[in-house]
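Here are a few exercises to work through with the coordinates open. Try each one yourself before reading the solution.

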Amino acid sequence: MSKWQRITDYLNYRVKARTLHGLHSPFVYKLVETLIEDKGCTFSAFERLDAVRQQLLNDATLLQIEDLGAGSNVLKQKERRVKDIARYGITRKRFSEFYFKLINYFDYRQVVELGTSLGLNTLYMANAGRKPEVYSIEGSGALHYYAQTLITAEGVTNVQLIQGNFDEQFPALLRRLPKLDFLLVDGNHTYEATLRYFTMALPYVHEHTLLVFDDIYWSEGMKRAWMEIKRHPRVSVSLDFYYCGLVFFKSGFKEPLHFYIQQP
Ligand SMILES: C[S@@+](CC[C@H](N)C(=O)[O-])C[C@H]1O[C@@H](n2cnc3c(N)ncnc32)[C@H](O)[C@@H]1O
């Protein structure tokens, strides 16, 4: 995607993005008021997670990465330093904190992440709320091992890391989960793969499930996948934060609601 298209998409999002004003749905209003507008809403775990981020940003360890997905716009080599992955290849702090707050707010118990990478975002999710069961899948053996070491060192026990391709491991995981509360799709950013993971998840969604798609404006394919996902007949509410998109399946809405929301 060209630089100009990226700028146009971002400006288009900025023009449409709302704060509380104009949010006529009580469900969305309360969510935005509590999780986005209340800037004082912070948690003690964030301080420790900031320290872990700093540790990763200073770690010069070289990893041999086998990328099973669409790759990165910035990191092209197979050999990558942990500190470069921490800078360019993982969820930014305010979005990891946002996912933490979402899990907390809805009291989700079964959380799945596609794309573990270094495991920092996994740690955020594992520390949220009443400590949900977190499952995270990663294709690269080196990243899987690194994340496992980090999570063990942090003394976190409510995470199961799975190594393998999403295409095999995600359906296998879904079959053994009691339910799917929260799913973050954060890897293999292509049109086909994103729709495939959405389709795999659909039979397992319930009234309170939240699906989150990362990098929805990363490419023309991702934009198309996001448009199709949010227009799916089972989706009742979509929230577009430019860097990620959220879809809910709650009933009780006369018609589907689609909002562009100012970023956290
Ligand atoms: C953007 S990173 C994940 C970042 C992580 N969620 C975070 O915020 O810290 C995407 C990861 O997905 C993995 N990946 C991409 N396609 C995959 C696939 N088909 N199967 C398994 N892993 C895949 C990549 O190796 C990469 O580590």
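**Exercise 1: a loop asparagine**

Asn188 sits in the loop between strand S6 (182-185) and H9. Keep in mind throughout that this is a predicted model.

Task: work out whether Asn188 is buried or exposed, and look up its phi.

Solution. 
- Step 1. Count the other C-beta atoms within 10 Å of Asn188: there are 21.
- Step 2. The cut-off for buried is 20 or more, so Asn188 is buried.
- Step 3. Now the backbone: phi of Asn188 is positive, about 55°, although the residue is not a glycine.

**Exercise 2: a lysine with positive phi**

Task: find where Lys131 lies, then decide how exposed it is.

Solution. 
- Step 1. Lys131 belongs to the loop between helix H6 (120-127) and strand S4 (133-138).
- Step 2. Its phi is near 55°, a positive value in a residue other than glycine.
- Step 3. Lys131 has 15 C-beta neighbours inside 10 Å. Partly exposed covers the range between 12 or fewer (exposed) and 20 or more (buried), so Lys131 counts as partly exposed.

**Exercise 3: the buried side of H10**

Task: list the buried residues of helix H10 (residues 220-230) and say what covers them.

Solution. 
- Step 1. The buried residues of H10 are Met222, Ala225, Trp226 and Ile229.
- Step 2. Check their directions: they cover an arc of only 100° around the axis, so they are on the same side of H10.

**Exercise 4: H9 against H10**

Task: describe how H9 and H10 pack, starting from the angle and the distance between their axes.

Solution. 
- Step 1. The angle is about 25°, and the axes are 8 Å apart.
- Step 2. Angles under 35 degrees count as roughly parallel, so H9 and H10 are roughly parallel to each other.
- Step 3. As for handedness, the crossing of H9 and H10 is right-handed.
- Step 4. On the H9 side, Tyr191, Thr194, Leu195 and Phe198 make the contact. H10 contributes Gly221, Met222, Arg224, Ala225, Glu228 and Ile229.

**Exercise 5: into the core**

Task: which residues have the most contacts inside the largest nonpolar core?

Solution. 
- Step 1. This core has 67 residues, and Tyr99, Ile103, Leu118, Met125 and Val212 have the most contacts inside it.
- Step 2. Helix H5 (residues 93-106) supplies the largest share of the core, 6 residues.
- Step 3. Beyond its neighbours within four places in sequence, Tyr99 is in contact with Asn121, Tyr124, Met125, Leu184 and Val212.

How values were computed. Residues are numbered from 1 along each chain as its sequence is written. This is a predicted model: local features need pLDDT of at least 70, side-chain atom pairs count only at pLDDT 80 or more; totals for chains, interfaces and linings use all residues. A nonpolar core is a set of buried Ala, Val, Leu, Ile, Met, Phe, Trp, Tyr and Cys residues joined through C-beta atoms within 7 Å. Helices (H or I, at least four residues) and strands (E, at least two) are DSSP runs, numbered from the N terminus. Two residues are in contact if their C-beta atoms, placed from the backbone, lie within 7 Å. The arc is that of the directions from the helix axis to the C-beta atoms. Axes are lines fitted to C-alpha atoms, for helices over the stretch in contact, and angles run from 0 to 180 degrees between N-to-C directions. Angles under 35 degrees count as roughly parallel, over 145 as roughly antiparallel, 65 to 115 as roughly perpendicular and the rest as oblique. A crossing is left-handed if the near helix is turned anticlockwise from the far one by less than a right angle, and right-handed if clockwise.
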